[in-house]
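Welcome! Here is a short briefing to read alongside the structure. Take a moment to look it over, then follow the topics below.

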Amino acid sequence: MRIAMIGSGYVGLVSGACFSDFGHTVTCVDLDEGKIAALKAGIMPIFEPGLKEMVDKNVREARLSFSTDLPTSIADAEAVFIAVGTPSRHGDGHADLSYVYAAAAEVARAATGPLVVITKSTVPVGTGDEVERIVREVRRDVTIDVVSNPEFLREGAAIEDFKRPDRVVVGAESERAKMVMAAIYRPLSLNSLPMVYVSRRTSELIKYAANAFLAVKITFINEIADLCEATGANVQEVARGIGLDKRIGAKFLHAGPGYGGSCFPKDTLALVKTGQDHGAPLRIVETVVSVNDQRKRAMGRKIIAACGGSVRGKTIAILGLTFKPNTDDMREAPSLAIVTALQDAGAIVRGYDPEGMAQAKPLLPGMTFAANAYECVTGADAVAIVTEWDEFRALDLRRIKTLLASPVLVDLRNIYLPEEVTRYGLTYASIGRPVRETPVAALV
Ligand code: UGA
């Protein structure tokens, strides 16, 4: 099948590359000439494990191409995906749909025959109806079906998520559209993948409800972590104890510094607005949004407390800046609020991240950057692990202790066991776990 993907950002590029890997012929379109020129030269605009290899392979085999020319790209396509951005609108938190509507109108103008237009961008419930109205207004002479097909990709694991999804959700209002969608996903449905066919509005809401539910789950365990700290219980054991109940499930129960990224913060806010607009407020999600916002800055206070209550004039080393590992994405990263809180309290902050430093530099003025974890901690008064990159999971703690000016390790991702840190004479603070002090002399 011939597919055009409008928007070559995270979702568009990963989806386009994966569809071409299924055997479809895909053109990824973007207005950004620099991005398309780079993609043609084999340079990826984002860091995503396995993406470059997949793009190179499918370009070589002539199934994947890149273009800035939308009309030519959709000329003989049967399906056109819209995967443009839907950022939070300034001022009110609603999703900004202007790029989606503009893309829909342009696709309709350029259509040469019957077409299925599929929205992959995350859009509020009812957007498909507006897209349908726009394409009908622009072109009455061509049949254009409008479908919702949200994505559930996690950054850093996007290709795996695309190729082995838990489900594919399709919101289609016609049999023809359902058949086209079934043909597109046929390579996956051969593995008895659940295809969830629903109405377009339901599909749009499934996407927001899924992200909001996951954000609730994370925020719930984060608050339980606070209670663990107040009562001497262990949040990881609580998470395991509840997660083994299949009705709850073990995933997304890792307590941490609060969720960030390009999706949860934006989508929870947009869902809250949709609920308010429809007179059906989502009070749980509203609370989650504010609890999570406050938590990020509170993590700065946690580091300050671990330093004895003041960081004025002290140097704090931050390991991990991106909102999660295996990405260079800094959007809504907890590190942004944490670093600012530390700087506001008079600290000198030095950071290191394996992939995110180029993105972080303009966002974190006044912070200095180190070439690796050990350089970052040298002479610092405390080190805080903010993102759980693999390379921070097995640091040489003996060396860290020697390099630090004062031996304080704050682990906001619980990647170490308290006893393995304290045995090197480091003072350790983590999330929702009691620290059992081990006599240094006995173990070092
Ligand atoms: C999320 C969803 O997981 C995807 O299913 C969805 O498709 C995507 O948003 C989207 O809407 O496009 P992503 O933002 O890439 O994916 O990353 P997640 O792995 O979900 O992590 C989000 C945030 O939650 C990170 O800051 C992470 O550190 C945090 N998190 C996650 C926790 O603090 N604890 C957990 O147990 C899990």
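## The ligand and its surroundings

In the side chain of Lys324, an N or O atom sits 2.9 Å from an oxygen atom of the ligand; a polar contact is a pair of N or O atoms within 3.5 Å, and within protein one must be able to donate a hydrogen and the other to accept it, with residues adjacent in sequence counting only if both atoms are side-chain atoms. This is a predicted model, where local features need pLDDT of at least 70 and side-chain atom pairs count only at pLDDT 80 or more, while totals for chains, interfaces and linings use all residues. Residues are numbered from 1 along each chain as its sequence is written, and side-chain values use heavy atoms, with hydrogens and water left out.

**More on the ligand**

- Backbone atoms take part too: a polar one of Phe152 is 3.2 Å from an oxygen atom of the ligand, and an N or O atom of Gly260 lies 2.9 Å from an oxygen atom of the ligand.
- On its own the ligand has 710 Å² of accessible area (Shrake-Rupley method, 1.4 Å probe), and the protein covers 92% of this.
- The ligand is surrounded by 19 residues (a heavy atom within 4 Å), and the closest are Glu151, Glu155, Lys207, Asn211 and Cys263.

**The domains**

- The protein is divided into domain 1 (2-198), domain 2 (208-290) and domain 3 (296-429), with bounds from an automatic or database domain assignment.

- Phe47, Glu155 and Gly156 supply 82% of the area that domain 1 buries against domain 3.
- The rule finds one salt bridge across this interface (a side-chain nitrogen of Lys or Arg within 4 Å of a carboxyl oxygen of Asp or Glu).
- Arg331 and Glu155 meet through their side chains in a salt bridge, at 3.9 Å from N to O.

Key: Buried area = accessible area lost by both parts, 1.4 Å probe.
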